[in-house]
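User: Hi! Could you walk me through the ligand site in this one?
Analyst: Happy to, let's bring it up.

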Amino acid sequence: MADLAALTAAIERGDRAAATEVTRQAIADGMDPETILGAMTSAMEIVGGRFQAGEIYVPEMLISARAMKESVAILEPLLVDSGVRPEFTAIIGTVKGDLHDIGKNLVAMMWRGANFEVIDLGANVAPEVFVAKAREHNARLVGVSALLTTTMVGMKDVVDSIRAAGLTDVRVVVGGAPVTAEFAAQIGADGYAPDAASAVALARRVVAAG
Ligand code: B1M
């Protein structure tokens, strides 16, 4: 059986070869994809703690993030159900000024798995781009992610821009480590999810609500 502690350790030290190898092994062993993903996200928690403690710097965080991304990419087909007609189109991106995209990518993956068509705008996305893409793709949902206390305030600009553009059918949901339900309500978003799994139920709920 693949050693998931070794997967966590490999991502923590940014060892892409080892991380992807253990991921492949875990899949081959038939391990639960969400358990495998949990071992990966634990690594990022450890990395964040070490950064905060001043033990590592941005380059180390970056190589861990790269190892995580490559490992997640291997896992993605198992988490995403290829399929039938999408329920609706969702736009997703990380707010302007913010380069963190791992959590956003997980939400996009879960949404695809839930059979939504997902247009992923990447990171550092300006409010006007969210508006233009929502209009272009006739989207019902816009998801905005933020990982920094300094950038999360920019989520309000996305909400305001969507409303100002008259996109009355579009619901805006937000998430990311520093974001809370209270903050989401305060900026006028339609909803907040604390993690990628609950972002699926949230998306369905806000779209169904009208
Ligand atoms: Co940055 N970083 N980082 N970083 N980084 C954090 C966020 C930090 C908490 C680290 C720390 O101090 N402990 C800190 C933020 C402090 C704060 O504002 N409160 C921080 C900082 C300070 C910075 C820089 C400013 C560092 C510097 O340059 N001095 C800089 C900013 C650059 C910028 O964005 N402009 C920076 C840079 C980077 C890297 C580029 C090196 C790299 C990102 C690489 C990448 O994403 N491609 C990086 C990383 C990797 C991290 C940590 C270590 C890991 C983030 C992560 O991927 N977590 C992070 C510390 C930490 O979080 N432990 C840290 C795993 C991911 C699965 O979780 O993104 O929370 P998360 O997503 C979750 C939920 O939040 C939720 O679902 C996801 C899965 O369940 N969710 C949503 C997310 N989006 C959602 C959207 C939804 C719903 C749910 O609906 C739409």
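**The ligand and its shell**

Analyst: Keep in mind that this is a predicted model. Helix α3 gives the largest share of the shell around the ligand, six residues.

User: Which other elements supply at least two residues of that shell?
Analyst: Besides α3 (33-52), those are α4 (58-79), α5 (102-113), β3 (141-145) and β4 (171-175).

User: And how many residues surround the ligand?
Analyst: There are 35, and the closest are Leu99, His100, Asp101, Ser145 and Thr149. By type, the shell divides into 19 nonpolar, 11 polar and five charged residues.

User: Nice. Where does the ligand lie relative to the domains?
Analyst: The ligand lies between domain 1 (4-81) and domain 2 (89-208), because both give residues to its shell. It also sits in the largest pocket.

User: Which ligand atom is 2.7 Å from the side chain of histidine 100?
Analyst: A nitrogen atom of the ligand is at that distance from an N or O atom in the histidine 100 side chain.

User: What about aspartate 101 and glycine 97?
Analyst: Aspartate 101 has a polar side-chain atom 2.8 Å from a ligand nitrogen. For glycine 97, a backbone N or O atom lies 2.9 Å from a nitrogen atom of the ligand.

How values were computed
Residues numbered from 1 in each chain as written. Predicted model: local features only at pLDDT ≥ 70, side-chain atom pairs only at ≥ 80, totals over all residues. Heavy atoms only, no water. Near = heavy atom within 4 Å. Polar contact = N/O pair within 3.5 Å; in protein donor to acceptor, adjacent residues only side chain to side chain. 1 Å grid on protein atoms, 1.4 Å probe; cavity = no way out; pocket = protein on both sides within 12 Å on 5 of 7 lines; lining within 4 Å. Sits in = over half its atoms within 2 Å of the grid points. Helix = DSSP H or I, 4+ residues; strand = E, 2+ residues; numbered from the N terminus. Nonpolar A, V, L, I, M, F, W, Y, C, P; charged D, E, K, R; others polar. Domains from an automatic or database assignment.
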